[in-house]
Amino acid sequence: VLIEAFADLVGAVARAGQQFGVPTPINSFLTRTLLSLTDGIIPLDRYDRKPGDLLRDLSGEANSARAAA
């Protein structure tokens, strides 16, 4: 339930950003990642004890968004 609430909150920020034309790549990435982890699309061990992997993927998402802007 806590993960779903967090995903809802982060997702609301991403949706508001989209509505007002403000890029929110971090919120979008976190929402997709959390939902994919809870739905089993991404294996739970993908980021387990691997914060560097999460930061790398997050950084790549932010860089892609900046390049597209």
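Predicted model: local features only at pLDDT ≥ 70, side-chain atom pairs only at ≥ 80, totals over all residues.
Residues are numbered from 1 along each chain as its sequence is written, and side-chain values use heavy atoms, with hydrogens and water left out.

**Overall picture**

- The protein has three helices and zero strands, where helices (H or I, at least four residues) and strands (E, at least two) are DSSP runs numbered from the N terminus.
- Along the sequence the pattern reads α-α-α.
- Taken along the principal axes, the C-alpha atoms fill a box of roughly 35 × 25 × 15 Å.
- Of the 69 residues in the protein, 23% are buried; buried is under 20% relative accessible area, exposed is over 50%, and partly exposed is in between (1.4 Å probe, protein chains only).
- Among contacts (heavy atoms within 4.5 Å) with a separation of 6 or more, 39% join residues 24 or more positions apart.

**Helix H1**

- H1 covers residues 2-19, and its 18 residues should span 26 Å at 1.5 Å a residue; the end C-alpha atoms are 26 Å apart, which agrees. The expected span is 1.5 Å times one less than the number of residues.
- Its buried residues are Ala 7, Val 10, Gly 11, Ala 14 and Gly 17. They sit on the same side of H1, because they cover an arc of only 110° around the axis, going by the directions from the helix axis to the C-beta atoms.
- As background, an α-helix has 3.6 residues a turn, so residues three or four places apart point the same way.
- That buried set packs against helix H2 (25-38).
- Over on the other side of H1, the exposed residues are Leu 2, Glu 4, Asp 8, Leu 9, Arg 15 and Gln 19.
- After H1 comes Gly 21, with a positive phi near 75°.

**Helix H2**

- The 14 residues of H2 should span 20 Å at 1.5 Å a residue, and its end C-alpha atoms agree at 20 Å apart.
- Pro 25, Phe 29, Thr 31, Thr 33, Leu 34, Ser 36 and Leu 37 are the buried residues of H2, and they pack against both H1 and H3.
- Ser 36 lies in H2 and is buried, because its relative accessible area is 16%.
- Setting aside neighbours within four places in sequence, Ser 36 is in contact with Ile 41 and Ile 42.
- Gly 40 follows H2, and its phi is positive too, near 80°.

**H2 against H3**

- H2 and helix H3 (residues 51-68) pack at an angle of about 130°, with their axes 9 Å apart. Axes here are lines fitted to C-alpha atoms, for helices over the stretch in contact, with angles from 0 to 180 degrees between N-to-C directions.
- That angle makes H2 oblique to H3: under 35 degrees is roughly parallel, over 145 roughly antiparallel, 65 to 115 roughly perpendicular, and the rest oblique.
- On the H2 side, the contact is made by Pro 25, Ile 26, Phe 29 and Arg 32; H3 brings Leu 54, Asp 57, Leu 58, Glu 61, Ala 62 and Ala 65.

**The loop between H2 and H3**

- Arg 49 lies in this loop and has a positive phi of about 60°, although it is not a glycine.
- Arg 49 counts as exposed, because its relative accessibility is 78%.
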